[in-house]
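Subject: Model handover

Hello,

The sequence and structure are below, and my notes on them follow. Please read the notes with the model open.

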Amino acid sequence: MMLFPDAASAVQASLSLVEQSRLDELPPVRGGVATGQVVPRDGDIFGRTVNLAARVSSVAGPSQTLVCLNTRAAAEAAARGLTFQGLGAVSLKGFKDSVPLFAAQRLAAG
């Protein structure tokens, strides 16, 4: 678990971890990014956003970074070379309503 000042930085870092794990021939990394309020306590963070990120990462495939709707919107607004593919809404443990998820990728250079 990591905390970032903005959504685009979090997505970029997750994509970098996925890429580096491939280069280093490590087991595939799965990333889940959620954006929102957290509750800091005793050097750790808690709250709905933390739970959402954990649930999102649990449904990510090998070498995949998934994000929630709020993360996608905030990262797109930052215009940092990212693209998102909609995967539809997914039922996640602990969440009453289905959650729309998006697969994050870097924009192809060109």
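Helix α2 (residues 48–59) lies across β1, β4 (64–68) and β6, and runs at about 145 degrees to β1. Helix α3 (residues 69–78) also packs on the sheet: it touches β1, β4, β5 and β6, and its direction makes about 95 degrees with that of β4. Touching, or contact, means heavy atoms within 4.5 Å. Axes are lines fitted to C-alpha atoms, for helices over the stretch in contact, and the angles run from 0 to 180 degrees between N-to-C directions. Helices (H or I, at least four residues) and strands (E, at least two) are DSSP runs numbered from the N terminus.

This is a predicted model, in which local features need pLDDT of at least 70 and side-chain atom pairs count only at pLDDT 80 or more, while totals for chains, interfaces and linings use all residues. Residues are numbered from 1 along each chain as its sequence is written, and side-chain values use heavy atoms, with hydrogens and water left out.

The sheet is open and has 4 strands in the order β1-β4-β6-β5, with mixed pairing. At its edges are β1 (30–33) and β5 (82–90), each of which pairs on one side only. From one strand to the next, the twist averages 30 degrees. Two strands count as paired if DSSP finds at least two bridges between them. In general, strands of a sheet pair through backbone hydrogen bonds, either parallel or antiparallel. Here β5 and β6 (residues 99–106) pair in the antiparallel sense over 8 bridges, and T83 stands opposite Q105 in β6.

How many salt bridges does a search of the whole structure find? There are 2, a salt bridge being a side-chain nitrogen of Lys or Arg within 4 Å of a carboxyl oxygen of Asp or Glu.

- R106 and E19 form one of them, with the closest N and O atoms 2.8 Å apart. R106 lies in strand β6 and E19 in helix α1 (residues 7–23), so this pair ties together parts that are 87 residues apart in sequence. R106 is partly exposed at 30% relative accessible area, and E19 is partly exposed at 32%. The classes are buried under 20%, exposed over 50% and partly exposed in between (1.4 Å probe, protein chains only).
- R72 and E76 form a salt bridge whose closest N and O atoms are 3.5 Å apart. These residues are 4 apart in helix α3, which means a separation of about one helical turn. R72 is partly exposed at 23%, as is E76 at 43%.

Regards
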